Amino acid sequence: MGLSCTRRNGRDKRFFAQSAGLGLNWDHFYFKLKILMLHLMSQSNTKIDNNLYDRQIRTYGEEAVKKMTSSSVLIYGLAKGLGTEVAKNLTLGGIRNVYLFDENQVTSSDLETGFYYTTDSFGQTRSQALVAKLQELNPYVNVQAVNDFK
C-alpha cells in the first residue's frame with residue numbers, strides 16, 4: 001500500500017493553498033500528510049467483529065473488510081454536511097482511523113446541515129464537536145480531531 005499524490009504544476013499548488021483557506025505551503029502540507037500516512041500504514045489490525053460487520057462481510061467479502069478495518073482516512077473540511085456524512089459512513093463501515101480537520105467553529109448555519117452539531121457545540125471547532133458523536137457510533141474506530149498541519 002503506497003501513498004501517492006499528483007502535483008501537476010505550480011498553479012495546482014497555489015489553488016490548493018487558496019482553496020484550503022490556509023496560509024499553508026503545498027510542500028509543507030504534503031510532507032506532514034505523508035508522515036501521518038506512513039505512520040498509519042505501519043500499524044495493522046486484522047481482527048474484525050463478525051457480528052458488527054456482518055453486512056459488510058456479506059457485501060464486500062471478508063478480505064475487503066479486513067482491509068477496511070486496517071485503513072485510515074483524513075477528512076479535510078466538514079462544512080455543509082458532506083464531510084460529516086462521509087465521516088459517519090466511514091465510522092459505521094469500520095475504517096480503523098478517522099482523522100477530521102476543520103478549523104472553523106460551529107455556527108448556527110451548521111445546525112441545519114450537520115446533524116451531529118448542537119447549540120452546545122458553539123465555540124468548538126467542527127472537528128472537535130464531531131469526534132465524540134462519531135466515537136459513540138463505533139467504538140472500534142479511532143476518531144481524532146487534527147488541530148493543524150503547521
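1. A residue is called buried when its relative accessible area is under 20%, exposed when over 50%, and partly exposed in between (1.4 Å probe, protein chains only). By that rule, 35% of the 150 residues of this protein count as buried.

2. A word on the source: this is a predicted model, in which local features need pLDDT of at least 70 and side-chain atom pairs count only at pLDDT 80 or more, while totals for chains, interfaces and linings use all residues. Residues are numbered from 1 along each chain as its sequence is written, and side-chain values use heavy atoms, without hydrogens and water.

3. Now the layout. You can find 7 helices and 3 strands, taken from DSSP runs (helices H or I, at least four residues; strands E, at least two) and numbered from the N terminus. From that end, their order is α-α-α-α-β-α-β-α-α-β.

4. Next, look at the largest nonpolar core, which has 15 residues. Such a core is a set of buried Ala, Val, Leu, Ile, Met, Phe, Trp, Tyr and Cys residues joined through side-chain atoms within 4.5 Å. Strand E2 (97-101) and helix H7 (126-137) each supply at least two of its residues, and H7 gives the largest share, 4 residues.

5. Is lysine 88 buried or exposed? Lysine 88 counts as buried because its relative accessibility is 17%. You will find lysine 88 in helix H5 (residues 82-93). Setting aside residues up to four places away in sequence, lysine 88 touches Phe115, Tyr116, Leu134 and Leu137, where contact means heavy atoms within 4.5 Å.
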